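Trainee: Could you show me how to read the way helices pack and how charged side chains pair? I would like the general idea before the particular case.

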Amino acid sequence: MIEDRTKIIMLYDFYGALLTQIQGEYIQRHYLEDCSLTEIAEEYQVSRQAVHDALKRTVLLLNGFEDKLKLAERWEKEQIILKQLEYEIMNPLTKIDIDKCRLLLRQVLQSEG
């Protein structure tokens, strides 16, 4: 469950600007501010079920954006490569392997295109 929450927050970071104002507010209140459905419903003067349904549709929408655009997936892959590059450069116990660094950098640059 924590994994799902983290994924939704990440997708919101990438695609939140594509949501309507109310969709964004519901996601922020529920996933970022940890408000219950009942609290959100009271604040917006709608039913708990309406908030639940809106959140469910919004999460499906965020996942749809990611299925098509793959921005979060690409970012995660780049972070792994950059960590490897950082380790290669910053490790005081080994000599820097320039060829390996070039390869890692190329992988990041290729994922941008």
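This is a predicted model: local features need pLDDT of at least 70, side-chain atom pairs count only at pLDDT 80 or more; totals for chains, interfaces and linings use all residues.

Trainee: Are α2 and α4 roughly parallel or roughly perpendicular to each other?

Mentor: Residues are numbered from 1 along each chain as its sequence is written, and side-chain values use heavy atoms, with hydrogens and water left out. Two packed helices are described by the angle between their axes and the distance between the axes. Here the axes of helix α2 (residues 21–32) and helix α4 (residues 48–69) come within 10 Å and cross at roughly 100°; the two helices are therefore roughly perpendicular to each other. Axes are lines fitted to C-alpha atoms, for helices over the stretch in contact, with angles from 0 to 180 degrees between N-to-C directions, and roughly perpendicular covers 65 to 115 degrees. Helices are DSSP runs (H or I, at least four residues), numbered from the N terminus.

Trainee: Which residues of α2 and α4 make the contact?

Mentor: With contact meaning heavy atoms within 4.5 Å, α2 contributes Gln-23, Tyr-26, Ile-27, His-30 and Tyr-31, and these meet residues of α4 including Val-51, Leu-55 and Leu-62. The residues of this contact divide into 9 nonpolar, 3 polar and no charged, where Ala, Val, Leu, Ile, Met, Phe, Trp, Tyr, Cys and Pro count as nonpolar, Asp, Glu, Lys and Arg as charged, and the others, Gly among them, as polar.

Trainee: At roughly what angle do the axes of α3 and α4 cross?

Mentor: They cross at roughly 110° and come within 8 Å, which makes α3 roughly perpendicular to α4. Leu-37, Thr-38, Ile-40 and Ala-41 of α3 make the contact with Arg-48, Val-51, His-52 and Leu-55 of α4, and these residues divide into 5 nonpolar, 2 polar and 1 charged.

Trainee: How many salt bridges does the structure hold?

Mentor: Side chains of opposite charge can pair when their charged atoms come close. The structure holds 6 salt bridges, each being a side-chain nitrogen of Lys or Arg within 4 Å of a carboxyl oxygen of Asp or Glu. In one of them, Asp-34 pairs with Arg-5, the closest N and O atoms being 2.8 Å apart. Asp-34 lies in the loop between α2 and α3 (37–44) and Arg-5 in helix α1, so the pair ties together parts that are 29 residues apart in sequence.

Definitions and conventions
Angles under 35 degrees count as roughly parallel, over 145 as roughly antiparallel, 65 to 115 as roughly perpendicular and the rest as oblique.
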